[in-house]
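Colleague: I am new to this structure. Could you show me how to read it, feature by feature?

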Amino acid sequence: MILAVVDAGPIIHLDEIDALALLSVVDELLIPQTVYQELEAGMVPPALETIEYELVESDTTGLGVELDPGETAALTVASERAAVLLTDDLAARDAANDRDVEVHGSIGILVLASTRGELEKSAAAELMRALQTETSLFVTDAVVEHGISLLDES
Amino acid sequence: MATDLTERVQEIAEARGIPESEILEQALERGVEDLWVDLVLSRYIDDEIDRETAINLVGRDRVKRAEQEVQAVEDDVRWGLNA
């Protein structure tokens, strides 16, 4: 049973490679209101309405992190509910690790989708490359190839 | 894409008041630099060169950033395979 809370990063990046529906590979998905408002400031990806999620409120006072409001809200919810934080921001990952919150990102979602039979391994590898070439994800191409080699070895 | 590049080169050249040929020369230098950094980091990640060599070639910040990325990707792949 995977309960996960997502910030805007994976939603945007997975949508950019037409893979947003794969977020439904987690068993229960939470989206903080603050994150949804960030998406609304641009455009909420239409594909988001094809997956089930729960909008949740968060009280971020006292968390003491220097992250964007959406990342802070997602980290708060993940900490309160013992959920997995889904983020593609390296600083948010560090903050989560500092607070013993399990944290993963878009690449983890692609691999999980492959493991759960939603995606062929080769398709997961291609989408990992697309994350690097078609989105603003943090990762450089050498690192993506390293991740694909780990996936291939499994 | 080719049209976009041509128009961008023209716009940059006009904005900076320098010839398009000079813009293209700078673009080539930056592009080669990026590709060089990618190559060095790739060799470091694949254990073909050691950390100190990589730092000498592309700088400590880039190497540390690549290490953070590798850690994140390894964590993600392990989680995806075992969750």
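This is a predicted model: local features need pLDDT of at least 70, side-chain atom pairs count only at pLDDT 80 or more; totals for chains, interfaces and linings use all residues.

Colleague: What pattern does chain A follow along the sequence?

Modeller: Chain A reads β-α-β-α-β-α-β-α-β-α-α-α. That makes seven helices and five strands.

Colleague: How do I judge the overall form? What radius of gyration does chain A have?

Modeller: Compare the value with a rule for globules. A compact globule of 154 residues would have a radius of gyration near 15 Å, and chain A agrees, with 15 Å. Along the principal axes, its C-alpha atoms fill a box of roughly 45 × 30 × 30 Å. Of the 154 residues in chain A, 50% count as buried. Now take the contacts in chain A with a separation of 6 or more: 59% of them join residues 24 or more positions apart.

Colleague: Which domains is chain A divided into?

Modeller: Domain 1 covers 3–106 and domain 2 covers 107–153. Their C-alpha centres lie 19 Å apart. Where they touch, 15 residues of domain 1 of chain A meet 16 residues of domain 2 of chain A. On the domain 1 side, helix α1 (residues 8–16) of chain A gives the most, with four residues. By class, that side has nine nonpolar, four polar and two charged residues.

Colleague: Now helix α5 of chain A, residues 106–115. Is it largely enclosed or open, and why?

Modeller: Count the neighbours of each residue. A residue is buried if 20 or more other C-beta atoms lie within 10 Å of its own. Nine of the 10 residues of α5(A) are buried, so this helix is largely enclosed by the rest of the structure. The buried stretch includes Ile107(A), Leu110(A) and Leu112(A).

Colleague: What do the buried residues of α5(A) pack against?

Modeller: In chain A, they pack against α1, β4 (84–86), β5 (103–104), α6 (121–134) and α7 (141–153). Helix α4 of chain B joins them. Just after α5(A), look at the backbone: Gly117(A) takes a positive phi of about 80°.

Colleague: How do I read a helix pair, say α3 and α4 of chain B? At what angle do their axes cross?

Modeller: Look at the two axes and their angle. Helix α3 (residues 51–58) of chain B and helix α4 (residues 60–82) of chain B have axes that come within 7 Å and cross at roughly 125°. The two helices are therefore oblique to each other. From α3(B), the contact uses Arg51(B), Ala54(B), Ile55(B) and Val58(B). From α4(B), it uses Arg60(B), Arg62(B) and Val63(B). By class, that is four nonpolar, no polar and three charged residues.

Colleague: One last residue. Is Glu33(B) buried or exposed?

Modeller: Glu33(B) has 11, so Glu33(B) is exposed. Glu33(B) is found in helix α2 of chain B. The C-alpha atoms of Glu33(B) and Val58(B) are separated by 9.6 Å, and these residues are 25 apart along the chain.

Note on methods: Residues are numbered from 1 along each chain as its sequence is written. Chains are lettered from A and ligands numbered from 1 in the order in which they are written. Domain bounds come from an automatic or database domain assignment. Two residues are in contact if their C-beta atoms, placed from the backbone, lie within 7 Å. Ala, Val, Leu, Ile, Met, Phe, Trp, Tyr, Cys and Pro count as nonpolar, Asp, Glu, Lys and Arg as charged, and the others, Gly among them, as polar. Axes are lines fitted to C-alpha atoms, for helices over the stretch in contact, and angles run from 0 to 180 degrees between N-to-C directions. Angles under 35 degrees count as roughly parallel, over 145 as roughly antiparallel, 65 to 115 as roughly perpendicular and the rest as oblique. The radius of gyration is taken over C-alpha atoms; the globule rule is 2.2 Å times the number of residues to the power 0.38. A residue is buried if 20 or more other C-beta atoms lie within 10 Å of its own, exposed if 12 or fewer, and partly exposed in between; C-beta atoms are placed from the backbone.
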